[in-house]
Structures are given as C-alpha cells and as structure tokens.
Amino acid sequence: MPRRLRLFEVGAWYHIGNRGLNHRAIFETEADARRFLGLLAELCFDGLIEVHAYCVMTNHFHLLVRSTEGNLSEALQWIESIYVSKFNRGRGRDGSLLKGRFFAKQVKSDAYRKAILEYIDANPVEARIASSAAAYPYSSTHHYLRPDGPPWLTRTWVEGVVCAATGTDTYDPASYPAVFGRKWTPAALRWFARFSEGLGEDETTLDGILAARPEHIQRWFDRCAKEADGTVSRPPIIDTDTALEVIATCEAARPDWKILQFRRSQSGWNILRVGLLRDLASESFAEIGRCLGAPSRTVYDRYPEHCRLLESDAEYRTIVETTATMIVTACHGDVNSTPLRRRTGSDPDRR
C-alpha cells in the first residue's frame, strides 16, 4: 500500500523528528552531530525552512520549524538521505539507519508551540547526557542563553515571546529560563512523547486541559460521551501510571462508592478507571485490560457505561471531572504558573 501523502502548509509550524532503527545511535560522534546541523543550515540558508528550536540526541532528533514554502517533505527527505548516506559510507555499512520516515505534527497554538520548545529543551537532561539544557552544545537552548548563535537559527519568535513576557524591548538571555523553564515530571515527558509523535489533535481543548481548567475538561468529556463506542483516536492527555496512582488515592478516600449496573452494584472506580484510561490516556481496550488485570470483554463493556453515566449521572460526572483535574495537575504540574500562560494572545512572529 502506498504511503499516505503528507501535505504541509506554507507558513505553518511543525514539530519534526526521527529516531534510530531499533533504538540504535544515529549520532555516534560530535562530527556526526555537526554534519547533521550543517545540512540543516543549508536548508535554512536556501530559504526552505526556518528552524526555531532543535536538539540532536544520540539516537534521535527534534526540530521546531516553520515551513516557508510548504515543501517540508522534500527538504527533510533530502537531509535524511544525505546524512544516512555519509554515515554509512564512513563506517563501511549499508541499510537503514532511521526508524522510518520522519514524524511531523502541525503546531497550531501558542501554548503547544511553547510546550514543544520546552520539551526539546528537556531532552538532554532527561537522558542524563547533560547536567542542564544550557550545558548541552547540540541544542538551541545553548544559544538562546547567549546573546547570539548560529546565523541559520531563527530567533525572532523566541526572543519576541521573552520580551513580551518580561515587558522589555531588548532580548535578555538571562530571562529565557523564566519564560521557557517549565519543570517536566518524568510522567509528563512520557505523555508528551506519545502525544507529539502520535496522530490526532485538538489543541484548543488540549490547551485548556493542560491548564486543568474545569470547563475544558467538561467539554472534553461531553465529546467522549457522544462517541460512546470508543473507536475515535484521540491524543493522550495524561500518563497512564500517573492516572492509576491518583485514582488509587481517590478510591482510598472513598472506598464505598458504588454504581448500580445491570441490577448489580459494583465499584464506581472500576468504571471510572476504564473511562479515564480510554478518554485521557488513549489506551486501547486490550492495553487497559492488561493494566487492570481484567478481561478485554469486561473493559469493553464498562466503557459504554462510563459514557452513559457521564450524560445521565451528575454525581458520577462530578467525580470523574474532579479526578481528571487531579490527574492532569499531577502529570503536568501547575501549568498556570508560567509567564506565557498569564499573557494570552501574544505571538510576536505570527506571519
């Protein structure tokens, strides 16, 4: 079956990346990293893309780019083809080096764009190959913490956001950590990796959920209740492990919560677990069954009940929304505390 054609809009922003085949290293030496960045610079100098953030790791890379001409596929295919060819030739090997074609996810909202940049910044520290993002030389953070950097790195958006957040006209590198310094939990990083490389998006609702705003969580569950068969693919909003930990804590505080189903009384937490893992973690019914140690058929039967109760049982809906808010906060932290969240509608480089 031929690959699905990917179309890239002129002027749109994208999170792009790729990984080594079977988790193998694709940047084994400093020379490898410099070669890749040199090829990236050629694309920028030719006006094919704008690179606003990047990070080159041992076995993968991340880019935050703006498509200037709408031909990202050709541009990225060129850079990967040239890089892999030179990598193989220098080592006397042949065959595939990358996992597949690069992933690309359009970044439509300011909050999501900021989260992508912060996620890119966090990669070297999370991988324990650098003590801080600033100490890692093969990432854009290293340069944003200095007055200037490579001429092919487009700094206008980042510097504009920092100036807007600090109320200044001149970019101060010392202010960068205060604006783009989100502290990621391990659970949030796992979630973001799944979300950013997965399919499907609903950023308007997503931004509200990440800020744990109850009205957005209510709207999310309204949609879920209308799609009661559970077949619609949604981006993961929370991390499964964090969800189970929070639900266990809530259950311990109210262990006697029961729901009447098919003339039988059962724990409301059993239904809630299935619903939240499906709606917010985007787990399959088989994955939920493995997590809960329950047959897939039991899980499959509980999900429509969860959707029905969201619409018909006010108490159930309240508990679900309260629990969901707690999980989002536990997974992503206090997102509302960042300066950019308090300043709405700012986009110094919207073109």
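These legends go with a few close-up views of a predicted model. Residues are numbered from 1 along each chain as its sequence is written, and side-chain values use heavy atoms, with hydrogens and water left out. Because this model is predicted, local features need pLDDT of at least 70 and side-chain atom pairs count only at pLDDT 80 or more, while totals for chains, interfaces and linings use all residues.

**View 1. An open sheet of 4 strands.** The strand order is E2-E3-E1-E4, with antiparallel pairing. Strands (E, at least two residues) and helices (H or I, at least four) are DSSP runs, numbered from the N terminus; two strands pair if DSSP finds at least two bridges between them. E2 (49-56) and E4 (103-107) stand at the edges with a single partner strand each, so one side of each has no neighbour in the sheet.

**View 2. Strand E2 beside strand E3.** Here 7 bridges join E2 to the antiparallel E3 (residues 60-67). Look for Ile49, which stands opposite Ser67 in E3.

**View 3. Helix H3 on the sheet.** H3 (residues 110-126) packs on the sheet and touches E1 (13-19), E2, E3 and E4, where contact means heavy atoms within 4.5 Å.

**View 4. Helix H1 and its cover.** H1 (residues 30-45) has 16 residues. Its buried residues (under 20% relative accessible area, 1.4 Å probe, protein chains only) include Asp32, Phe36, Leu40 and Cys44. Among the elements covering the buried residues of H1 are E2, E3 and helix H2 (72-91). After H1 comes Gly47, with a positive phi near 80 degrees.

Note on methods: Axes are lines fitted to C-alpha atoms, for helices over the stretch in contact, and angles run from 0 to 180 degrees between N-to-C directions. The expected span of a helix is 1.5 Å times one less than its number of residues. Buried means under 20% relative accessible area, exposed over 50%, partly exposed in between (1.4 Å probe, protein chains only).
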